[in-house]
Amino acid sequence: MAGRNNIAMLDHHHLAIYAKLSGHLPILVRSFQAQPAVYSSQSSEFWADPEFPPSQTTLVDRLPAASKTLFDAKATKCLSFESIAQELGRSEVAVAALFYGQSTASAEDVKKLSALLGVDEGKLSAQLLGGFPDRGRAGPMPPVEPLIYRLYEIVQNYGYAYKAVMNEKFGDGIMSAIAFSTKVEKEVDEDGVTWANITLRGKLPFTRF
C-alpha cells in the first residue's frame, strides 16, 4: 500500500524520458510525473516524500562502506553530483554510480574526492580502491522506488520495440552496457513544462569471432 501511495504522490513535475541510441533521433519512450527526492543523512537513502520513510532494511545497508562515507560528506558540503563531476572531470551519472558502489574510482578520483569532500585520502583509498563493484545489488527486482520503477516499466513496455528497431538499423546484436555512456539533461519547453532527457549510448552490434 505504501508503494501505491508513493506513486500517487508523484504530481509535482511533468517529466518525459527520451532515449537517444547511437546518435539517432530521440524516441519518446514514456512520460510521467515525479517529485524531487528527499535525502536522509541518517540512512543515506532517497525516497519520494518524507511522509513515506524507507523500509527497515535501508538502501545503505546493501551498499559498500564507501557509499556512506561519500554521501555523508556530500550532504555536509551541500554539493550536487554535477559540481562533484566537474571537479573530477567525469559524467555526473558516473559519479552518482560511484557513490552507490556501481562503478570504479581511479587513484586520481580518490585524490580529488578527498580534497573536495574533506575526507581522509587514506580512508577513501581503502574503501574505493580495494576491490571491484558488485553491481546490481543496490535494490530489489522489480524495483519498488517509484522513479526507478518507471525506468523498469519503460523497458517492460518498449523493450521489444527497441529490439526490433535496433535489429533493423544495426542487424543482430546486443547494445552494450559496458562500452556505454549515459547522461541526464533538464529541458524546459516553451510552456514552462519540465522534461527529463536521458541519453543511452551503447556499442552495437556483435563482434564476430
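Which backbone nitrogen does the side chain of Asp109 reach at 3.0 Å? The backbone nitrogen of Ser106. This is a polar contact, meaning a pair of N or O atoms within 3.5 Å; within protein, one must be able to donate a hydrogen and the other to accept it, and residues adjacent in sequence count only if both atoms are side-chain atoms.

The model is predicted: local features need pLDDT of at least 70, side-chain atom pairs count only at pLDDT 80 or more, and totals for chains, interfaces and linings use all residues. Residues are numbered from 1 along each chain as its sequence is written, and side-chain values use heavy atoms, with hydrogens and water left out.

The protein has seven helices and six strands. These are DSSP runs, numbered from the N terminus: helices are H or I of at least four residues, strands E of at least two. Their order is α-β-β-β-β-α-α-α-α-α-α-β-β.

Asp109 sits in helix α5 (residues 107-117). Asp109 counts as buried because its relative accessibility is 6%; buried means under 20% relative accessible area (1.4 Å probe, protein chains only). Beyond neighbours within four places in sequence, Asp109 contacts Leu88, Arg90 and Thr104. Contact means heavy atoms within 4.5 Å.

| From | To | Distance |
|---|---|---|
| Asp109 side chain | Ser106 backbone nitrogen | 3.0 Å |
| Asp109 C-alpha | Val95 C-alpha | 9.6 Å |

Asp109 and Val95 are 14 residues apart along the chain.

Across the protein, 33% of the 209 residues count as buried. Among contacts between residues at least 6 apart in sequence, 54% join residues at least 24 apart.

Key
Buried < 20%, exposed > 50% of the residue type's maximum accessible area, 1.4 Å probe, protein only.
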